[in-house]
Amino acid sequence: PVWAMINARLTDDSSGKPIIEGILIDNTKKRLAEDKLHRSRERFRYLANHDSLTGLFNTRYLYKELDRLITESLETNEPFSLVFLDTDNFKKVVDTYGHLHGSQALKEVAGTLKSGLTDPAFGVAYGGDEFVLVLPRTGKEAALKLVQNIRRLMKNSVYLTKQGLEVHMSASFGVATYPDDASDRVEILALADE
């Protein structure tokens, strides 16, 4: 395909016969550069709120959403819960199979987490082998049921199979609910982490 800018007009030639005269400028390089810039901007916007390895949200997004959820909870009297998840023995996976396989394992764990969540809940790559699950409009009992489901999903998953390995992973979980357990963002994160 060629992108062109055309400036033309309908006129008559010297014999009175209608003709179109004008200028056609090949704009393909400019258009391709604009498309590339647009894709780059979209990628930058995505990475501003997402972890590049796992595709989960990042901590920047988490902190903004926690502030929003606290405000929403105060207005609606609905709780929300956080689940802090720390992958068990992840160092052993890295020491045994290497950092690249460790990164792939985290990516696959993130996929397991996503499969266990339904909107509006979302996952966050918190750092290293730690994740946070944000559960809007969810009390502690429902959050604990979700944790049991995630544990079961992880237990039934085999990681790194495309690399010819069979790695089983588990995690330790902490749950905190706003406003029952905490009164602000820092406190609820700290309690879930405990």
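**Briefing: overall architecture of the chain**

Of the contacts in the chain (heavy atoms within 4.5 Å) between residues at least 6 apart in sequence, 59% join residues at least 24 apart. The model is predicted: local features need pLDDT of at least 70 and side-chain atom pairs count only at pLDDT 80 or more, while totals for chains, interfaces and linings use all residues. Residues are numbered from 1 along each chain as its sequence is written, and side-chain values use heavy atoms, with hydrogens and water left out.

**Secondary structure**
- The chain contains six helices and six strands (DSSP runs numbered from the N terminus: H or I of at least four residues for helices, E of at least two for strands).
- Their order along the sequence is β-β-α-α-β-α-α-β-β-α-β-α.

**Confidence**
- Mean pLDDT (the predictor's confidence in each residue, from 0 to 100) is 94 for the chain, and 100% of its residues reach 70 or more.
- Helix α1 (residues 28-49) has the lowest confidence, at a mean of 88, whereas strand β5 (residues 130-135) has the highest, at 98.

**Dimensions**
- The radius of gyration of the chain is 26 Å, whereas a compact globule of 194 residues would have one near 16 Å (taken over C-alpha atoms; the globule rule is 2.2 Å times the number of residues to the power 0.38).
- The C-alpha trace spans about 90 × 50 × 25 Å along its principal axes.

- Buried residues (under 20% relative accessible area, 1.4 Å probe, protein chains only) account for 34% of the 194 residues.

Conventions
Buried means under 20% relative accessible area, exposed over 50%, partly exposed in between (1.4 Å probe, protein chains only).
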